[in-house]
Amino acid sequence: MKVYCLSEDPNKPCFVIKLKSVTIMLDCGLSAHSVLNFLPLYPIPDWKSNKAAAWIPKNFSDPQIEGELNECMTTNQVLVNSAPEFMTPLTKLVDFADIDVILVSNYMTMLALPFITENTGFKGVVYMTEPTLHIGKLFLEELVDFVEQSPKPNVAKYWKEILHLLPPPLCNSFKPHTWKQLYSLAQVNSSLTRVQMISYDQKIEITGALTVTAVSSGYCLGSSNWVIYLESKKLVYVSNTSTLTTHPRPMDQVNLKNADLMLLSSLTQAPAANPDSMLGELCLSVAVTLRNNGSVLIPCYPSGVVYDLFECLSSHLDSTALGQIPMYFISPVAHSSLEYSNILAEWLSQSKQNKVYFPEEPFPHAQLVKSGRLKHFKHVYTDDLWNDLRQPCVVFCGHPSLRFGDVVHFVEYWGTNPQNTIIFTEPEFPYLEALAPFQPLSMKAMHCPIDTSMNFTQANKMIKDLKPAVLILPERYAIPPTGFGHKNEFVIDQIDRKVLTIKRGEVISEKLDIKTVNVPFTTEMAVSVTLNELQSGLKSSKFTAVLDTKDNKYKLDILRDDLLANKTTEPYLLETLFKKTYEWGQLDIDRFLRALTNEGVSDPKIEHNAHGYTIHLKSEDTLIQVDDKSTHIFCEKMDKNWRLKLRSIVMECLNSF
């Protein structure tokens with residue numbers, strides 16, 4: 001088996017494994033960290049920021065660079081003036097046309113799907129759960145909408161040729177030549193036509209060679225870990241996984257136990273932050289801001305943690321006499337997200353499912369919408385929003401990078417008021433880098449990263465409980481993250497099993513050592529077999545059959561008359577099939593001596609020893625050693641016929657069938 005790593009970020013995973021004759025891609029995450037190197041796209045037409053000015057390197061006069069770079073006046077950070085570009089999975093390590101199947105773990109790890117399936121020759125199938133497909137579609141549509149609503153007239157390219165002349169962090173950009181501009185909505189729709197929805201625990205056969213099954217990972221609606229069965233071997237892929245009790249169905253650990261190999265990715269991006277503590281700090285900060293007559297801005301994605309924020313924040317505001325404060329959810333897919341989350345009962349935790357059997361929605365945000373406390377709008381530039389907007393308030397909108405989307409306008413609009421607060425909950429982007437192009441900023445900024453994925457302590461415990469024989473993990477999980485020194489609680493430490501690390505662009509091989517293959521009998525074949533008892537509790541049989549091989553599956557069927565009558569069948573083959581015998585048991589010494597006498601050997605001499613006995617045939621220069629499990633013949637006589645005759649006598653004196 002070979003494992004290819006196509007992604008730089010373990011939280012935007014993309015692996016390819018090749019086993020037997022099958023090529024499988026595990027997730028296709030899209031890293032958006034690269035967009036922090038670009039100027040924000042303003043959602044309102046003709047809105048221009050005065051916080052950045054054109055910039056070119058000193059003593060450099062090439063006109064190709066003009067207009068491509070801007071410098072933020074306050075932070076002196078140089079950003080690219082162009083449509084944002086994304087770090088896609090590697091395209092040259094594996095030919096995407098060879099991929100048979102893509103297994104998607106959750107809607108956060110499918111955002112590079114159009115890059116994989118469109119215009120690459122991809123002919124395979126994409127498997128994911130129903131919530132992953134529908135919510136992932138919302139993520140893709142929102143991302144395209146954000147980028148396309150504020151198109152840049154030019155595409156900046158030349159800056160990539162002079163990285164050595166640029167200031168940090170732009171000069172440290174990781175392989176910007178491989179970055180790509182976003183796909184179109186048409187490519188999104190074409191890509192999703194390749195998806196087949198599956199349920200948890202459903203067994204999917206891949207080209208007859210192996211079987212895959214999705215099991216709940218507990219991270220978000222419809223999120224999955226994957227179990228791959230190949231003959232007698234079991235492989236598991238663990239992506240975003242959570243052991244916390246939130247709204248998704250809990251993690252299924254039973255099906256992950258005792259794997260021959262485990263591939264691990266997507267542990268928490270905020271290892272030092274406890275999600276419950278961060279949620280508590282967020283609620284307190286929101287309440288303090290609102291009491292001081294300020295408004296709160298929370299950059300977010302259109303699904304996932306935002307559902308829990310609606311629930312917890314509304315309860316906290318009720319308990320602090322701030323229940324009259326409105327909350328606004330702004331996204332081109334806000335309505336679809338809120339509606340769809342309430343009809344996914346089978347994918348929810350038990351407590352949420354129980355509410356479905358009563359006339360009650362599983363999520364509180366449904367009641368918040370009905371009561372008018374939570375209002376949703378498509379865009380910041382719609383008249384409906386500004387006719388309704390009442391401050392102080394709480395606004396949820398994207399994108400968390402602050403480089404595009406409605407949040408860009410709110411940062412500019414509210415940023416001059418020190419009573420307002422922006423709270424970052426998504427750990428994916430360093431919040432100070434996200435805010436850099438908006439400085440100077442008077443509004444307060446808080447960092448409350450909420451990541452419900454397993455931390456390293458939980459992951460180490462899970463691995464010990466699941467007991468995989470071999471563990472493959474991203475290289476960075478084996479060393480403490482930057483800024484945390486030698487804290488071993490932030491690494492995966494497994495001394496009881498074989499551990500392999502992998503990084504972007506690397507290929508590792510692991511031998512699965514498949515020793516057996518299951519070959520079922522047809523019913524007719526099974527009936528034709530007659531068992532012979534070799535010893536108490538042990539039976540065996542000789543049979544002649546046809547081995548049928550198709551689509552990597554094997555089957556034994558009865559040898560039919562039409563094959564026997566076929567003149568093209570080799571005679572020696574039929575003779576071998578029907579005259580073959582199988583010997584077993586211990587050598588019958590009395591019968592053996594009689595047979596030797598019949599062949600004219602009159603002087604066998606028998607000597608007993610601890611393991612059996614030795615028969616010496618002096619006249620034939622032959623020594624025969626016999627014990628419980630073997631017979632060895634040493635013959636000095638250079639007579640081929642005698643050797644064959646002696647072998648035949650030995651075989652006749654054994655039991656056979």
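A search of the whole structure finds five cavities of 30 Å³ or more. A cavity here is a set of points on a 1 Å grid over the protein atoms alone where a 1.4 Å probe fits but cannot get out. A volume is the space filled by probe spheres set on the points, which are joined across faces, edges and corners. This is a predicted model, in which local features need pLDDT of at least 70 and side-chain atom pairs count only at pLDDT 80 or more, while totals for chains, interfaces and linings use all residues. Residues are numbered from 1 along each chain as its sequence is written, and side-chain values use heavy atoms, with hydrogens and water left out.

**Largest cavity**

Select Met108, Tyr219, Val305, Glu426 and Asp451, which lie nearest the centre of the largest cavity. About 280 Å³ of space lies there. Its lining has 23 residues; lining residues have an atom within 4 Å of a point.

**Largest pocket**

Next, go to the largest pocket, with a volume of about 1200 Å³. A pocket is an open set of points with protein on both sides within 12 Å along at least five of seven lines. Select Asp9, His33, Glu428, Pro430 and Arg476, the closest to its centre among the 38 lining residues.

**Nonpolar cores**

Now select Met25, Ile102, Tyr183 and Phe396, the residues with the most contacts inside the largest nonpolar core, which has 104 residues. Such a core is a set of buried Ala, Val, Leu, Ile, Met, Phe, Trp, Tyr and Cys residues joined through side-chain atoms within 4.5 Å; buried means under 20% relative accessible area (1.4 Å probe, protein chains only). Helix 2 (residues 130-148) gives the largest share of this core, eight residues; helices are DSSP runs of H or I, at least four residues, numbered from the N terminus.

Stay on isoleucine 102. Leaving aside neighbours within four places in sequence, Ile102 is in contact (heavy atoms within 4.5 Å) with residues including Met25, Cys28, Leu113 and Phe122. For a second, separate core of 33 residues, select Val3, Leu103, Val212 and Ile502, which are among its members.

**Serine 31**

Move to the loop between strand 3 (22-26) and strand 4 (52-54), where serine 31 lies; strands are DSSP runs of E, at least two residues. Is Ser31 buried or exposed? Serine 31 has a relative accessible area of 9%, so it counts as buried. Not counting residues up to four places away in sequence, serine 31 touches Lys12, Phe86 and Met87.

**Whole chain**

Finally, show everything: the chain has 17 helices and 35 strands. Of its 657 residues, 52% count as buried.

Methods:
Buried < 20%, exposed > 50% of the residue type's maximum accessible area, 1.4 Å probe, protein only.
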